[in-house]
Structure formats: C-alpha cells, structure tokens
Amino acid sequence: LPVRYASETLIVIQPQSVSKEYVRGLIEEPLEERNRSILRSVMSRITFLNILRSFPELKIGRETWSLDRMVEEPREDITVEFSPIWEGAANPSFFKIRYVGSDPALAQRVMSQLTTLFVERDNKLREIRLLGTSDFLRGQLDVTAKRLIEKQKQLARGKAKHGPEAILAMDYE
C-alpha cells in the first residue's frame, strides 16, 4: 500500500453570546441545512480550482487529465466530520476537515489553504448578513427620525395656535 498522510483541522463553532431577545442570530437555518451548507462550501468546485492553482504539484502526473477529473480526485481525499449531536443541543460544537495525500508537507499546506478558504467564505457570508441587518436598522432609524420631525412640527403648530399649555397635553401623547 502507498504511504498516505492525513492533515486535519478542527473548526470550533461558538454559540451566539448575546441573547436572541436583543440580537437576531446570524445563522437561523436548521442544523441539517447548516451542515449541508458547510459541506457545499468545503467541497465546492471553486475551492478545488483555487487549490489546484495554489499547488501545481498536485497536477504532476495528471497533465493529460481533464480539469473535471483533476478537481474530482482531491474531493475523494477530503472528509468532513461533524461533532455528535446530543438531545437538546442547538448546534454542533465543532467539525473536522481532513485531507489525505501522499506528501506530508503538501497535505498540510493543502489543508491550511482549504481551512483559510472556508473561513474567508464564512466570514464573507456573515459580513453580507450583517450588512443586511445594518441596512434594515438604518431604514428603521430613518422612519423613526421622520416621525420625530413630524411630531416636532405638530408641537410647534400647537404651541403657536393654543399657547404653551397645549404643549403639555400634546407632549404627553
């Protein structure tokens, strides 16, 4: 049997530390869908194309292969394992990504690149979701500011029409 080397990374998933009463969660999809999303991200074609570009030595001996075949082979050398799920647990606490190759240094570099690509993609997704939340909050703030300005105008009209005593009743409202 040929000698094979495994390089593995452990990604810990931290639960949200702020109560959901104050801040809506960034990831509200069901656990199974989140796991499928992680797998799609790790095993995507673009991920493997980036790895092939970064490590030309993976193409040695495969120069005549089609690009599809060159992308598929490393996929077979990668496994993703999720932490066991306990009753009542909302999210897995970690997952592992493992790459197995014939060169130990290359296996480690490929795993490092794969981890970096996954973390960067996940951070980008979170950033997009945060920007959406920020835009929503900015819109709500604009609506509230318009209401406040209208209320100020209403108070000014009331003061001009009925005098300062009317302001107390309107202000209370």
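Colleague: Which residues have the most contacts inside the largest nonpolar core?

Modeller: Leu58 and Ile97 do, in a core of 22 residues. Keep in mind that this is a predicted model.

Colleague: OK, helix packing. At what angle do the axes of helix 2 and helix 3 cross?

Modeller: Roughly 95 degrees, and the two axes come within 10 Å. Angles from 65 to 115 degrees count as roughly perpendicular, so helix 2 and helix 3 are roughly perpendicular to each other.

Colleague: Which residues make that contact?

Modeller: From helix 2, Arg45, Phe48, Leu49 and Leu52. Helix 3 brings Leu67, Asp68, Met70, Val71, Pro74 and Arg75.

Colleague: How does the contact of helix 2 with helix 3 split by class?

Modeller: There are 7 nonpolar and 3 charged residues, with no polar ones. Leu52 of helix 2 takes part here, and Leu52 is also in contact with Leu58.

Colleague: Changing topic: Thr115. Where does Thr115 lie?

Modeller: Thr115 is in helix 4.

Colleague: Does Thr115 count as buried or exposed, and why?

Modeller: Buried, because its relative accessibility is 15% and the cut-off for buried is under 20%.

Colleague: What does Thr115 touch, not counting residues up to four places away in sequence?

Modeller: Thr9 and Ile11.

Colleague: Let's zoom out. How many helices and strands does the protein have?

Modeller: The secondary structure comes to 5 helices and 3 strands. Starting at the N terminus, the elements run β-α-α-α-β-β-α-α.

Colleague: How much of the protein do buried residues make up?

Modeller: Of the 173 residues, 26% are buried.

Colleague: One last thing. Among contacts with a separation of 6 or more, what percentage comes from residues 24 or more positions apart?

Modeller: Those residues account for 62% of such contacts in the protein.

Terms used: Residues are numbered from 1 along each chain as its sequence is written. This is a predicted model: local features need pLDDT of at least 70, side-chain atom pairs count only at pLDDT 80 or more; totals for chains, interfaces and linings use all residues. Side-chain values use heavy atoms; hydrogens and water are left out. A nonpolar core is a set of buried Ala, Val, Leu, Ile, Met, Phe, Trp, Tyr and Cys residues joined through side-chain atoms within 4.5 Å. Buried means under 20% relative accessible area, exposed over 50%, partly exposed in between (1.4 Å probe, protein chains only). Contact means heavy atoms within 4.5 Å. Axes are lines fitted to C-alpha atoms, for helices over the stretch in contact, and angles run from 0 to 180 degrees between N-to-C directions. Helices (H or I, at least four residues) and strands (E, at least two) are DSSP runs, numbered from the N terminus. Angles under 35 degrees count as roughly parallel, over 145 as roughly antiparallel, 65 to 115 as roughly perpendicular and the rest as oblique. Ala, Val, Leu, Ile, Met, Phe, Trp, Tyr, Cys and Pro count as nonpolar, Asp, Glu, Lys and Arg as charged, and the others, Gly among them, as polar.
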